[in-house]
Amino acid sequence: MRIELNGLPTEVAAANLADALTALGYGSSTLATALNGGFIPVAARATTPLHDGDRVEVLAPMQGG
Amino acid sequence: MRLYDVDLSSRLLLGTAQYPSPLVLTDAIAAAGCGVITVSLRRETANGGANGFWPLLQATGARILPNTAGCHSAQEAITTAQMAREVFGTNWIKLEVIGNADTLQPDPFALVEAARVLCADGFAVFPYTTEDLIVAERLLDAGCRVLMPWGAPIGSGRGLRHVDALNAMRAHFPSVPLIIDAGIGAPSQAAQAMEMGFDAVLLNTAVAKAGDPVAMGRAFGQAIAAGRAAFEAGLMPPRDMAVPSTPVLGMADLGLGGLR
């Protein structure tokens with residue numbers, strides 16, 4: 001299926017968010033995720049199914065003011 | 001200073017963006033003696049590898065205040081705050097909801113809406129707001145226990161643009177911690193805010209973009225401590241006319257003229 005990952009069209013085969021992150025190579029770094037504008041906690045990623053057209057945001061710590 | 005039941009010895013909160021290097025950033029934090037630093041969340045590329053920035057900041061020992069910078073709607077800010085709480089492991093959030101991309105001024109309506117949701121969800125909300133007293137009332141009603149009025153537009157370095165309004169805000173909310181956030185460009189401006197009785201100052205660009213950020217961090221730390229000490233000491237009331245500070249009584253009359 002094709003999702004939108006951080007604004008870019010991305011093909012993924014994984015059925016849920018946790019598997020998708022692994023397949024995309026996000027590894028074990030400190031990340032926060034959102035699906036279609038709503039926060040998805042770490043514990044809920046494996047039980048959060050992905051569908052065609054879903055918007056996924058993957059964020060990491062960054063400098064800020 | 002007590003913010004959300006946390007005692008802090010420094011009254012400077014420092015942003016972590018725009019420094020020339022990570023080493024200069026951590027040295028500036030140490031030189032400023034600040035106990036709170038602000039951070040953000042941004043998109044991470046796949047296969048991006050470990051982000052070295054976060055462990056570096058954790059090692060400073062400063063308390064982390066994540067922000068919702070760049071959010072333009074209440075829901076955007078709420079989701080960002082929830083993501084930040086998980087990643088940074090703190091319920092503190094600097095709540096920014098920008099109302100205009102050019103002026104970067106807060107959207108007070110969306111700000112109050114987001115503050116209500118986040119306070120009810122257990123967040124300790126630090127709202128970036130204007131000096132408007134009614135908006136401030138609404139933020140307190142929403143559950144905020146700290147307010148952060150702007151000094152001047154973000155990144156402008158113009159100091160306190162609305163001194164009378166800020167004085168009124170200080171007088172109107174004597175027991176609410178008030179932090180001047182944004183627009184501070186020089187240590188003298190930070191000292192002014194502290195002399196006016198504000199509890200703390202949050203700034204970033206003035207240190208990060210200084211010729212020597214580490215030395216400027218130290219200067220801000222000293223100015224803020226001096227301004228606070230002056231406020232606690234009690235400033236003299238201004239007078240309209242000159243008043244001699246050396247006693248006139250007992251002055252010699254040398255008979256050489258001169259009008260008294």
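How much area is buried between chain B and chain A, and what part of that area do carbon and sulfur atoms give? In this predicted model, the area buried between chain B and chain A is about 2200 Å², and carbon and sulfur atoms give 60% of that area.

**Interface of chain B and chain A**

- The contact between the two chains involves 28 residues of chain B and 26 residues of chain A.
- Two salt bridges are found across the interface of chain B and chain A, and B:Arg43 forms a salt bridge with A:Glu57 in which the closest N and O atoms are 2.7 Å apart.

**The annotated lysine**

- An unreviewed UniProt entry places the feature "active site" at B:Lys94, a residue that lies in strand β6 (residues 92-95) of chain B.
- B:Lys94 has a relative accessible area of 3% and is therefore buried, since buried means under 20% relative accessible area.
- Leaving aside residues up to four places away in sequence, B:Lys94 touches A:Gly65 from chain A, and its contacts in chain B include B:Thr38, B:Asn67, B:Phe126, B:Met148 and B:Asp181.

**Aromatic pairs**

- Over all chains, the structure holds three aromatic pairs.
- The ring centres of B:Tyr4 and B:Phe126 are 5.2 Å apart and their planes stand at 50 degrees, so this pair is tilted.
- That pair links distant parts of the chain, 122 residues apart, with B:Tyr4 in the loop between β1 (2-3) and β2 (6-7) of chain B and B:Phe126 in strand β7 (residues 124-129) of chain B.
- B:Trp54 and B:Phe88 form an edge-to-face pair, with 4.9 Å from centre to centre and 85 degrees between the planes.
- Because B:Trp54 lies in helix α2 (residues 53-58) of chain B and B:Phe88 in helix α3 (residues 74-88) of chain B, the pair ties together parts that are 34 residues apart in sequence.
- B:Trp54 counts as buried at 7% relative accessibility, and B:Phe88 counts as buried at 7% relative accessibility.

**Charges over rings**

- B:Arg63 has its charged end over the ring of B:Trp92, at 4.4 Å from the ring centre.
- The charged end of B:Arg170 sits over the ring of B:Phe198, at 6.0 Å from the ring centre.

Note on methods: Residues are numbered from 1 along each chain as its sequence is written. Chains are lettered from A and ligands numbered from 1 in the order in which they are written. This is a predicted model: local features need pLDDT of at least 70, side-chain atom pairs count only at pLDDT 80 or more; totals for chains, interfaces and linings use all residues. Side-chain values use heavy atoms; hydrogens and water are left out. Rings of Phe, Tyr and Trp (its six-membered ring) pair if their centres lie within 6.5 Å; planes under 30 degrees apart count as stacked, over 60 as edge-to-face and the rest as tilted. Helices (H or I, at least four residues) and strands (E, at least two) are DSSP runs, numbered from the N terminus. Buried means under 20% relative accessible area, exposed over 50%, partly exposed in between (1.4 Å probe, protein chains only). A charge sits over a ring if NZ of Lys or CZ of Arg is within 6 Å of the ring centre and within 35 degrees of the ring normal. UniProt positions are given in the numbering used here, feature names are shortened, and annotations may be inferred rather than shown by experiment. Contact means heavy atoms within 4.5 Å. Buried area is the accessible area (1.4 Å probe) that two parts lose on being put together, summed over both. A salt bridge is a side-chain nitrogen of Lys or Arg within 4 Å of a carboxyl oxygen of Asp or Glu.
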